Amino acid sequence: IHARLQLTGRGARGKKRGHKKHLFGCLFVTSSAEVKCSLCVVGIQALAEMNRWREVLSWVLQYYHVPEHLPPKVLELCILLYSKVREPQVMLEVGSSWLRDQTNKSLPEYGSLLELYLLHVLLPLGQFEGAEELVRGCDVFDSEQQLAFLGTICESRCQWTQREEMHSAAEEQQDAATETVLGALSQKLLTMLTLLRRALRSMSSHFCLLPYKKMLLATFLLYLVVVRLDPASPTSLPFIYKLVQLFRQAWTAVFSPIHRPPIQD
């Protein structure tokens, strides 16, 4: 397709001399333009089938260079393609440039393409003011057609407004539900922190009553038993026995009823 498009472009640039040659040249150029358009249509369909629709517009503009020179059939296919894939904003500037061109306004397909651009590009994008200006400034439509299109635009605007209101209401409900969940979580977190504070206060009051010297002595003796002494050695058994007795005495003194923390409400 790429090679045939290049050949048709070269043939269209050939110069003809004489009346017959001029007539033949006009027919050749027309035929070449039709062949070029047909090849572009085939190329667009091929790219769409290969799921490469993002490349369609740039690929077409390689051969027509500016949007104003696009054939009506090619522009129609591009509008329908990008509308089907829900990317109508791609054709917003392209369609506007093509419709503003004075040469294109004299084409018989101008009215149908304007309607297609209106329904598949402007209205889905919420461009209601631009759509109204385009309809009022179009000389192709008569008064009845203009009124019909203006009614369609008004109906589409009402539907757009309703969708926006429903979307806003849904967002408000979601925000309210999120705030409720966050409030419940914060209340649970506050309760847990309160309980933790009470537990820490109770533990601190309990440890304040414990004799730290005896606790340190018991810890040091336990360290000597486990780390420094060899339990398998016969010479260390009497010493280990005395340390165990001291540790029991320290344990009884530390956790005696006198040092138990008072019960608080």
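Trainee: Where is the place of C37?

Mentor: C37 has its place in helix 2. Helices here are DSSP runs (H or I, at least four residues; strands are E, at least two), numbered from the N terminus. Before we go on, please keep in mind that this is a predicted model: local features need pLDDT of at least 70, side-chain atom pairs count only at pLDDT 80 or more, and totals for chains, interfaces and linings use all residues. Residues are numbered from 1 along each chain as its sequence is written, and side-chain values use heavy atoms, with hydrogens and water left out.

Trainee: Why is C37 called buried?

Mentor: Its relative accessible area is 15%. Buried means under 20% relative accessible area, exposed over 50%, and partly exposed in between (1.4 Å probe, protein chains only). C37 therefore counts as buried.

Trainee: Which residues does C37 contact, leaving aside its neighbours within four places in sequence?

Mentor: C37 is in contact with Y64, P71, K73 and V74, where contact means heavy atoms within 4.5 Å.

Trainee: What makes L77 a buried residue?

Mentor: L77 lies in helix 4 and has a relative accessible area of 19%, so it is buried. Once neighbours within four places in sequence are set aside, L77 contacts V41 and I44.

Trainee: How do you know whether S156 is buried or exposed?

Mentor: The relative accessibility of S156 is 14%, so this residue counts as buried. S156 is part of helix 9 (residues 143-208), and it touches L123 and F128, not counting residues up to four places away in sequence.

Trainee: What is the handedness of the crossing of helix 3 and helix 4?

Mentor: Their crossing is left-handed: the near helix is turned anticlockwise from the far one by less than a right angle, whereas clockwise would be right-handed.

Trainee: Which residues meet between helix 3 and helix 4?

Mentor: V56, L57 and V60 in helix 3 meet V74, C78, L81 and Y82 in helix 4. By class, these contact residues are seven nonpolar, no polar and no charged. Ala, Val, Leu, Ile, Met, Phe, Trp, Tyr, Cys and Pro count as nonpolar, Asp, Glu, Lys and Arg as charged, and the others, Gly among them, as polar.

Trainee: What makes helix 4 and helix 7 roughly parallel?

Mentor: The axes of helix 4 and helix 7 come within 10 Å and cross at roughly 15°. With that angle, helix 4 is roughly parallel to helix 7. This crossing is left-handed. P72, L75, E76, I79, L80 and S83 in helix 4 meet L113, L116, Y117, H120 and V121 in helix 7. The contact of helix 4 with helix 7 has eight nonpolar, two polar and one charged residues.

Trainee: Which residues of helix 5 are buried, and which helices do they pack against?

Mentor: In helix 5 (residues 92-100), the buried residues are V94, G95, S97, W98 and L99. They pack against helix 3, helix 4, helix 6 (102-105), helix 7 (110-122) and helix 8 (128-136).

Trainee: Why is N51 called exposed?

Mentor: N51 has a relative accessible area of 56%, so it is exposed. N51 is in the loop between helix 2 (19-49) and helix 3 and has a positive phi of about 60°, although it is not a glycine. Most residues other than glycine have a negative phi. H65 also has a positive phi, near 70°. H65 lies in the loop between helix 3 and helix 4 and counts as exposed at 62% relative accessibility.

Trainee: How many helices and strands does the protein chain have?

Mentor: There are eleven helices and zero strands. Of the 265 residues, 27% are buried.

Methods: Axes fitted to C-alpha atoms, helices over the stretch in contact; angles between N-to-C directions. Parallel < 35°, antiparallel > 145°, perpendicular 65-115°, else oblique.
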